[in-house]
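Reader: I would like to go through this chain with you and ask, term by term, what the labels rest on.

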Amino acid sequence: MADVEATQPTINDDTNPPVEDADDDESNEIRLMKQRVEEMEREASKLRELQAAAAEANSADDNASAMETDEDKSGADNRSVYVGNVDYSATPEEIQGHFQACGTINRVTILCDKFTGHPKGYAYVEFSEPEHIDAAVALDNSLFRGRLIKVTAKRTNIPGFGRGRGRGRPGYRGGYRGYAGYSPYRGTRGRGRGRGF
């Protein structure tokens with residue numbers, strides 16, 4: 001009998017790298033993650049600096065607007081006119097052109113709905129001098145973009161004025177008051193009929 005050597009086949013398994021290579025891969029991943037974390041921290045610090053600068057700028061703007069007193073606002077109101085029935089597609093430049101003959105214009109403001117952004121159909125024109133308002137009011141019922149516009153001197157709103165409780169005549173709730181005669185449900189409880197009259 002011939003001697004047969006039993007040889008074991010060598011298995012080349014590349015799917016399981018040697019232990020040393022696995023440690024190197026893990027350490028490389030850890031280094032990459034640390035680099036990413038450092039980059040994120042640098043970006044976060046830059047963002048904090050930018051936010052601080054923006055907050056300082058906003059506080060400066062708030063202080064400037066807070067310094068605008070009620071006298072300044074009423075002064076601007078005394079130089080302004082209300083323009084009603086303005087075409088919704090009108091631009092401030094067109095309104096300025098319409099009132100240009102009245103005097104020097106500081107600002108044209110077209111009011112828009114804060115939710116939709118669509119114009120409300122009226123505007124304010126602020127002149128440089130209060131004397132120009134009379135000439136502007138003379139343009140009341142003039143034709144602007146195919147509409148007759150309403151021009152009046154701007155009112156100064158007084159906070160809290162005219163905002164009392166209730167409106168109209170005492171005891172009158174508006175609309176049809178109803179018949180206050182006999183009701184079988186008046187004075188009874190638990191019927192779910194409301195308060196009565």
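Reader: Which strands does helix 3 lie across, and at about what angle does it run to strand 2?

Author: This is a predicted model, and in it helix 3 lies across strand 1, strand 2, strand 3 and strand 6, running at about 130 degrees to strand 2. The chain has 4 helices and 6 strands, and read along the sequence they follow the pattern α-α-β-α-β-β-α-β-β-β.

Reader: What makes strand 2 and strand 3 a pair?

Author: Two strands pair if at least two bridges are found between them, and 6 bridges join strand 2 to strand 3, which run antiparallel, so the pair meets the criterion. Within this part of the sheet, valine 108 stands opposite valine 125 in strand 3.

Reader: Why are strand 2 and strand 6 said to stand at the edges of the sheet?

Author: The open sheet is formed by 4 strands in the order 2-3-1-6, with antiparallel pairing. Strand 2 and strand 6 (150-153) each have a single partner strand, so one side of each is left without a neighbour in the sheet. From one strand to the next, the twist averages 20 degrees.

Reader: Which residues of the largest nonpolar core touch the most other members?

Author: The core has 17 residues, and those that touch the most other members are Val81, Val83, Ile95, Phe99, Val125 and Phe127. Two or more residues each come from strand 1 (80-84), helix 3 (92-99), strand 2 (105-112), strand 3 (119-127) and helix 4 (132-137), and strand 3 gives the most, with 3 residues. As for valine 83, once neighbours within four places in sequence are left aside, its contacts are Phe99, Gly121, Tyr122, Ala123, Val125, Ile149 and Lys150.

Reader: Why is aspartate 77 called buried?

Author: Buried means under 20% relative accessible area, and aspartate 77 has 12% relative accessibility, so aspartate 77 counts as buried. Aspartate 77 is found in helix 2 (residues 70-78), and, leaving aside neighbours within four places in sequence, is in contact with Lys154, Arg155 and Thr156. Over the whole chain of 197 residues, 14% count as buried.

Reader: How do you know that the side chain of arginine 147 makes a polar contact with the backbone oxygen of valine 86?

Author: A polar contact calls for a pair of N or O atoms within 3.5 Å, and the side chain of arginine 147 reaches the backbone oxygen of valine 86 at 3.3 Å, so the distance falls within the limit. Arginine 147, in strand 5 (residues 147-148), touches Asn85, Val86, Asp87, Tyr88 and Ser142, not counting residues up to four places away in sequence. The C-alpha atoms of arginine 147 and aspartate 87 are separated by 7.1 Å, although these residues are 60 residues apart along the chain.

Reader: Where are asparagine 141 and arginine 145 placed, and what is the phi of each?

Author: Asparagine 141 is in the loop between helix 4 and strand 4 (143-144), with phi near 65 degrees, a positive value in a residue other than glycine. Arginine 145 is in the loop between strand 4 and strand 5, and its phi, near 55 degrees, is likewise a positive value in a residue other than glycine.

Definitions and conventions
Residues are numbered from 1 along each chain as its sequence is written. This is a predicted model: local features need pLDDT of at least 70, side-chain atom pairs count only at pLDDT 80 or more; totals for chains, interfaces and linings use all residues. Side-chain values use heavy atoms; hydrogens and water are left out. A nonpolar core is a set of buried Ala, Val, Leu, Ile, Met, Phe, Trp, Tyr and Cys residues joined through side-chain atoms within 4.5 Å. Buried means under 20% relative accessible area, exposed over 50%, partly exposed in between (1.4 Å probe, protein chains only). Contact means heavy atoms within 4.5 Å. Axes are lines fitted to C-alpha atoms, for helices over the stretch in contact, and angles run from 0 to 180 degrees between N-to-C directions. A polar contact is a pair of N or O atoms within 3.5 Å; within protein, one must be able to donate a hydrogen and the other to accept it, and residues adjacent in sequence count only if both atoms are side-chain atoms.
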